[in-house]
Amino acid sequence: MKKMLFSVAVAALLAAGPSFADGEDTVDAATQEKLTALLVGQGYEVRKIEHEDGLIEVYVVKGGVTEELFFDADLNPVDHEG
C-alpha cells in the first residue's frame, strides 16, 4: 500500500510541475529555450530564467532597460506584483 501511495504522489508531483526540474529555482532547458526564442523575437536580451512564487521569472534587457517578466507554466505572461 505504501509503495502505491508513493508512486501516486511521485506521479502527481511530476504532472504538477512539468516546467521545473532539479529543484525549485531551476526551469528545465526546453522551457528556457522556448521562452528565450519568444523574447529574443520581441527584441529582448534574456539574462536569467528562474522559478519564483510558482511562476517563471525572466530577467531581460531591452533598449538599455532591465525588466522582470513573469510567465505561468503554459508560458502565458502574468502580471506579478512583488
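Let me start with Val78, which counts as partly exposed because its relative accessibility is 27%, where buried means under 20% relative accessible area, exposed means over 50%, and partly exposed is in between, computed with a 1.4 Å probe on protein chains only. Val78 sits in strand 4, residues 77-78, and here helices (H or I, at least four residues) and strands (E, at least two) are DSSP runs, numbered from the N terminus. Leaving aside neighbours within four places in sequence, Val78 is in contact with Leu55, Phe70, Phe71 and Asp72, contact meaning heavy atoms within 4.5 Å. Leu55 and Val78 are 23 residues apart along the chain, and their C-alpha atoms are separated by 8.3 Å.

Before I go further, please keep in mind that this is a predicted model, in which local features need pLDDT of at least 70 and side-chain atom pairs count only at pLDDT 80 or more, while totals for chains, interfaces and linings use all residues. Residues are numbered from 1 along each chain as its sequence is written, and side-chain values use heavy atoms, with hydrogens and water left out.

Now to the overall layout. The protein chain has two helices and four strands, and along the sequence they follow the pattern α-α-β-β-β-β. Of its 82 residues, 23% count as buried. If we take the contacts between residues at least 6 apart in sequence, 23% of them join residues at least 24 apart.

How are the four strands arranged in the sheet? They form an open sheet with the order 1-2-3-4 and antiparallel pairing, where two strands are said to pair if DSSP finds at least two bridges between them. Strand 1 and strand 4 are the edge strands, each pairing on one side only.

Most residues other than glycine have a negative phi. Asp53, however, which is found in the loop between strand 1 and strand 2, has a positive phi of about 50 degrees although it is not a glycine. The hairpin of these two strands has two residues between the strands, and Asp53 counts as exposed because its relative accessibility is 55%. Leu75, in the loop between strand 3 and strand 4, likewise has a positive phi, near 70 degrees.

The largest nonpolar core has 10 residues, namely Val27, Leu35, Leu39, Tyr44, Ile49, Ile56, Val58, Val60, Leu69 and Phe71; by a nonpolar core I mean a set of buried Ala, Val, Leu, Ile, Met, Phe, Trp, Tyr and Cys residues joined through side-chain atoms within 4.5 Å. Helix 2 (29-40), strand 2 (55-62) and strand 3 (65-71) each supply at least two residues of this core, and strand 2 gives the most, with three residues. Val58, apart from its neighbours within four places in sequence, is in contact with residues including Leu35, Leu39, Ile49, Leu69 and Phe71.

Finally, the charged side chains. How many salt bridges does the structure hold? There are two, a salt bridge being a side-chain nitrogen of Lys or Arg within 4 Å of a carboxyl oxygen of Asp or Glu. One joins Arg47 to Glu45, with the closest N and O atoms 2.9 Å apart; Arg47 is exposed because its relative accessible area is 54%, whereas Glu45, at 42%, counts as partly exposed. In the other, the side chains of Glu50 and Lys48 meet at 3.4 Å, N to O, and here Glu50 is buried, with a relative accessible area of 15%, while Lys48, at 44%, counts as partly exposed.
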